[in-house]
Amino acid sequence: MNEDAFWQLIEDCRPTECDPDAELLAATVTERLARSPLSAVIGFAEQLSWALYRLDRKEYGHDLSDDAFLYTRAAVVAAGRTEFDSVLQDPTVFTPYATDLIWTERLLYTPDQAYERITGEEWDRDTRYSYESGSNTVGWAD
């Protein structure tokens, strides 16, 4: 799955009704991935990790705990490509996510759940980029 396909899947799965914690989005993404080839699940995990890694920067997360920072970055991803690109261009766009603690933890587990539904096994996921807070050492350099 390339970056465009990743963002298109996020957009296609975003509900029209209010979904503050992206529970509906995560459920829909999981369902779509579970009906896809395993390569799409792996590709989604890679693209999700890459997006979260790109947001792992000091100017966004310096005042947040590791978990709060991870979940707020996931909320930016859940908001779609336009919002994601806006945050990358202007760190002040991230401020409402951090101050209002907008969390989207469940999105993080969508590829793992889809993988398990396809294979019947738990996934020991290992992506090229870590999405854990602080893993982007360049983004945290002084």
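Modeller: Helices here are DSSP runs of H or I with at least four residues, strands are runs of E with at least two, and both are numbered from the N terminus. The model is predicted, so local features need pLDDT of at least 70 and side-chain atom pairs count only at pLDDT 80 or more, while totals for chains, interfaces and linings use all residues. Residues are numbered from 1 along each chain as its sequence is written, and side-chain values use heavy atoms, with hydrogens and water left out.

Biologist: Where do Trp 50 and Tyr 53 lie, and why is their pair called stacked?

Modeller: Both lie in helix 3 (residues 38–54), 3 residues apart, about one turn of the helix. Rings of Phe, Tyr and Trp (its six-membered ring) pair if their centres lie within 6.5 Å, and planes under 30 degrees apart count as stacked, over 60 as edge-to-face and the rest as tilted. The centres of Trp 50 and Tyr 53 are 6.2 Å apart and their planes stand at 20 degrees, so the pair is stacked.

Biologist: What makes the pair of Phe 6 and Trp 7 edge-to-face?

Modeller: This is one of the 12 aromatic pairs in the structure; the ring centres lie 5.0 Å apart and the planes at 75 degrees, so the pair is edge-to-face.
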